[in-house]
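Please look over the sequence and the structure before reading on.

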Amino acid sequence: MFLDFVSILLVVPVVLATPGQYPLQRILSKYFDVQAHRGGRGNTVENVLPAFAWALIDGATTLELDNAVTKDGEVVVWHDENIVAEKCQDTGPAFANDTEFPYVGKFIANLTLAQLQTLDCGSKRQINFPLQSTYPGVRISTLKELFSFAECADPDYRILWNIESKVNAAHTNQTRSPEDFVTRQHDVFINSPYRHSITYQSFDWRTLVAMKALDRSIPTSALIALQTAVMPDNETSPWLAGIRLDAFPGNLENQVASAAHAIEADILSPADVASVVADPTLPEYIPFTTKSMVDNAHRLGMLVKPWTVNRLNIAEQLLDWNVDGIITDYPNMMRRLVQQRNRPVAPKYPKKRVLECLNRHLKKATSFPPS
């Protein structure tokens, strides 16, 4: 099934690369990979420039973020498929008599960049993240704008990136298509000075297969959770590019690693927990990432970087199992734990320089049209 999708890309010029030309050491950092999930949404409102600035100041190794694609084909940095009132608020229409206004509640795929960037997405602190710093007036950025800020804050180009395609494989009318994501994201990637520092991740494995077909120089990371791995009535998951886990031997935890390896993923990125109960000290707790899964992925030559790990007792267990990175909403706290475990951590970026760059770029990111 996914091979049919890849055939679409035959009309696209392929970046030439010899198989095996880009070994895993290219995505292996000398530091333990503490990834700031959505820029570290436990500390700052998510996926906006201030979040990424503070992640650098806090010493994250990798900036983890999400991409959506607008109606007019722009790649923007945002997680949700639609604009939710809990995170963003309207400031006014992009132009007079815009029948699409208000924009809150609309799908990003149905909004233009101009419409999207009227939204204030920095004023609202999330109820589950009471320590979030807010930045009133901050708008959603394009990926190009984020890279521009990063170049200012990081003149040595040390930042590593983990960039996700937010394609909805189950409800295909809610996002742009996989081929739109792959071709448009790839175009931004290769025109960035960070093109060799990017990992491409997704729950929709069709995009990972397609990105591999288009450009083997970009490492891919297979995101998976219980909800995307197992479907009701034993249906084939729409998320796994046509692969059935039960086509592989062993139990679920081993099948997951084998399936990711089958699509040539460089990294397996499983959810940390499978149960509603999230604390391993409670009897109802069920992990998704297990030692067996980690060991099997390593045996197959993949790195393992679970998400979203916000409990240190889970992180301690994962470190005992020798995972290669941890995606977390609290990169500052995770970095401290990793350091206590005598693992090497990335140096922090100079606060003064980062904030100066942030303030410079925020001037462009907080101007809205008149109401």
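## Helices H8 and H9

In this predicted model, the axes of helix H8 (residues 252-262) and helix H9 (residues 291-299) come within 8 Å and cross at roughly 30°. Helices here are DSSP runs of H or I with at least four residues, strands are runs of E with at least two, and both are numbered from the N terminus; axes are lines fitted to C-alpha atoms, for helices over the stretch in contact, with angles from 0 to 180 degrees between N-to-C directions. H8 and H9 are therefore roughly parallel to each other, given that angles under 35 degrees count as roughly parallel, over 145 as roughly antiparallel, 65 to 115 as roughly perpendicular and the rest as oblique.

On the H8 side the contact (heavy atoms within 4.5 Å) is made by Glu253, Asn254, Val256, Ala257 and Ser258, and on the H9 side by Ser292, Met293, Asn296 and Ala297. By class, this contact of H8 with H9 has 4 nonpolar, 4 polar and 1 charged residues, where Ala, Val, Leu, Ile, Met, Phe, Trp, Tyr, Cys and Pro count as nonpolar, Asp, Glu, Lys and Arg as charged, and the others, Gly among them, as polar.

## Helices H2 and H4

Helix H2 (residues 49-57) packs on helix H4 (residues 143-153) at an angle of about 30°, with their axes 11 Å apart, and that makes H2 roughly parallel to H4. Leu49, Phe52, Ala53 and Leu56 of H2 make the contact with Leu146, Phe149 and Ala153 of H4; the residues of this contact divide into 7 nonpolar, no polar and no charged.

## Helices H10 and H11

Between helix H10 (residues 312-320) and helix H11 (residues 331-340) the packing angle is about 45° and the axes are 11 Å apart, which makes H10 oblique to H11. Leu312, Ala315, Glu316 and Leu319 in H10 meet Met333, Met334, Leu337 and Val338 in H11, and by class the contact of H10 with H11 has 7 nonpolar, no polar and 1 charged residues.

## Confidence and basis

The protein chain averages a pLDDT of 92, and 91% of the residues score at least 70; pLDDT is the predictor's confidence in each residue, from 0 to 100. Over residues 1-23, however, the pLDDT is below 50.

Residues are numbered from 1 along each chain as its sequence is written, and side-chain values use heavy atoms, with hydrogens and water left out. Local features need pLDDT of at least 70 and side-chain atom pairs count only at pLDDT 80 or more, whereas totals for chains, interfaces and linings use all residues.
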